[in-house]
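Trainee: Please pick one part of this model and take me through it closely. I would like the contacts first, then the links to the rest of the chain.

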Amino acid sequence: MSQHQKRIGILTSGGDCPGLNAVIRAVVKSANQSGIDVIGFLKGYEGLIDPVRYLPLNNKNTSGILTHGGTILGSTNKGRFAATVGVADRLNLDPELLEDVQTTFKQLDLSGLICVGGDGSLAVAQQFHEFGLPVVGVPKTIDNDLSATAFTFGFDSAVASATDALDRLHTTAASHGRVMVLELMGRHAGWIALHAGIAGGAHVILLPEIDWSFDQICHKILQRERSGKPSTLIVVAEGARLPDGDMVTHDGPQSLGQVRLGGIGNIVAHEIEQRLHRETRTAVLGHLQRGGGPTTFDRVLATQFGAHAVRLIIERRFGEMVCYRPPNIESVPIIEAVNDLSTVDPEGSPVLAARSLGVSFGDRPTTEQAFVSPWLEDDDDREVEDRPEDVPEEVEVLL
Ligand code: F6P
């Protein structure tokens, strides 16, 4: 670093996702353009203290990483800074840790730190801010569960992988006339399952936000069979609750304060087999939906986030987090992102659109949700009356 050049830091924390390297690259490029040096702390917040571990970042060692998955800085959702569940707990980092971080800021003469993370990691950034450290946030997660931003990068890439998996399951399910269950990530939000389910043409989508029953799933499978379709594709979000209200979690060690979800796919498949005696198979996409390179959408979003984060530091707008408010990149206080998680609206347009296509959410839709065209009513006179008079006959056939 030249004597007068300012220096900022960046770290990536929590579960990785496609687009992290695109943010790092954007931060380095745009900071360098403004005469600022960048160092990258290794393994999330862990790299900030005892032992302090960082990598000087420059155009050379960040060149070509735009398209790469994961993060060249490493990440962790465990360790000394792991956020625990509940806002009150999250605002309770050990003061000694905070003082150690402050010492690192002083020793390295840092003018600012960009914390790239999900809600847990951003909660840590918020505590740094409250302690007086100059931080800004960049939201990332495949789960898309931060309401302060229309989209987080990583989500679109995860949905693309999940959709590809569904496309593949379609062909094998149809060949064998089987029921296929695909379990997807997303924690307590059903965004990945909902979007991939729609994009991949799933017949049943089970979400944490909509209560469902095995009766309704079986009803849908039988209904499809009656219309000559022996295969059914079911997408289930890992955070969907069983009809008795239970969440399905992995046994064994869990990252501090956070349950490790997973296993519901097998339970759903088993129950369908028991009830209907149909061949049923489960696929758990797991970390395949989190690995790999970012989609073009995520590259663009991550690049804009990185550039905007540098601008926030230059303008000394500490304690803020970049966000996407289409069509613009803006910023909000980090605390907003931490306190307000986004989940699927059961009355929202993606759900209603899927329902109108006949997709089942494993529930019995209310009258408002189940849009029924008046043209389907048995009243022949009215059906004719409702049609535009000048529709040619061949179009009427299509209608
Ligand atoms: O938050 C991202 C996420 O991939 C969730 O969708 C999932 O529940 C969790 O992380 C998995 O965490 P881990 O990588 O620790 O198994």
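**Close look: a residue and its helix**

Mentor: A22 counts as buried, at 0% relative accessibility. Buried means under 20% relative accessible area, exposed means over 50%, and partly exposed lies in between, with a 1.4 Å probe and protein chains only. This is a predicted model, in which local features need pLDDT of at least 70 and side-chain atom pairs count only at pLDDT 80 or more, while totals for chains, interfaces and linings use all residues. Residues are numbered from 1 along each chain as its sequence is written, and side-chain values use heavy atoms, leaving out hydrogens and water.

A22 sits in helix α1. Helices (H or I, at least four residues) and strands (E, at least two) are DSSP runs, numbered from the N terminus. Leaving aside residues up to four places away in sequence, A22 touches I65, L66, R299, A302 and T303. Contact here means heavy atoms within 4.5 Å.

Now take the helix pair. The axes of α1 and α9 come within 7 Å and cross at roughly 40 degrees. Those axes are lines fitted to C-alpha atoms, for helices over the stretch in contact, and the angles run from 0 to 180 degrees between N-to-C directions. That angle makes α1 oblique to α9. Under 35 degrees would count as roughly parallel, over 145 as roughly antiparallel, and 65 to 115 as roughly perpendicular; the rest is oblique. The crossing of α1 past α9 is right-handed.

By class, the contact has eight nonpolar, three polar and one charged residues. Nonpolar covers Ala, Val, Leu, Ile, Met, Phe, Trp, Tyr, Cys and Pro; charged covers Asp, Glu, Lys and Arg; the others, Gly among them, are polar.

D16 and R290 form a salt bridge, with the closest N and O atoms 3.1 Å apart. A salt bridge is a side-chain nitrogen of Lys or Arg within 4 Å of a carboxyl oxygen of Asp or Glu. D16 lies in the loop between β1 (6–12) and α1 (20–33), and R290 in the loop between β9 (280–284) and α9 (296–314). The pair links distant parts of the chain, 274 residues apart. D16 is partly exposed, at 23% relative accessible area. R290 counts as buried, at 19%.

For context, a search of the whole structure finds 14 salt bridges. Another of them joins R278 and E225, at 2.6 Å between the closest N and O atoms. R278 is in the loop between α8 (264–276) and β9, and E225 is in helix α7 (residues 214–226), so this pair ties together parts 53 residues apart in sequence. R278 is partly exposed at 30%, and E225 is partly exposed at 25%.

Conventions. Left-handed = near helix turned anticlockwise from the far one by under 90°.
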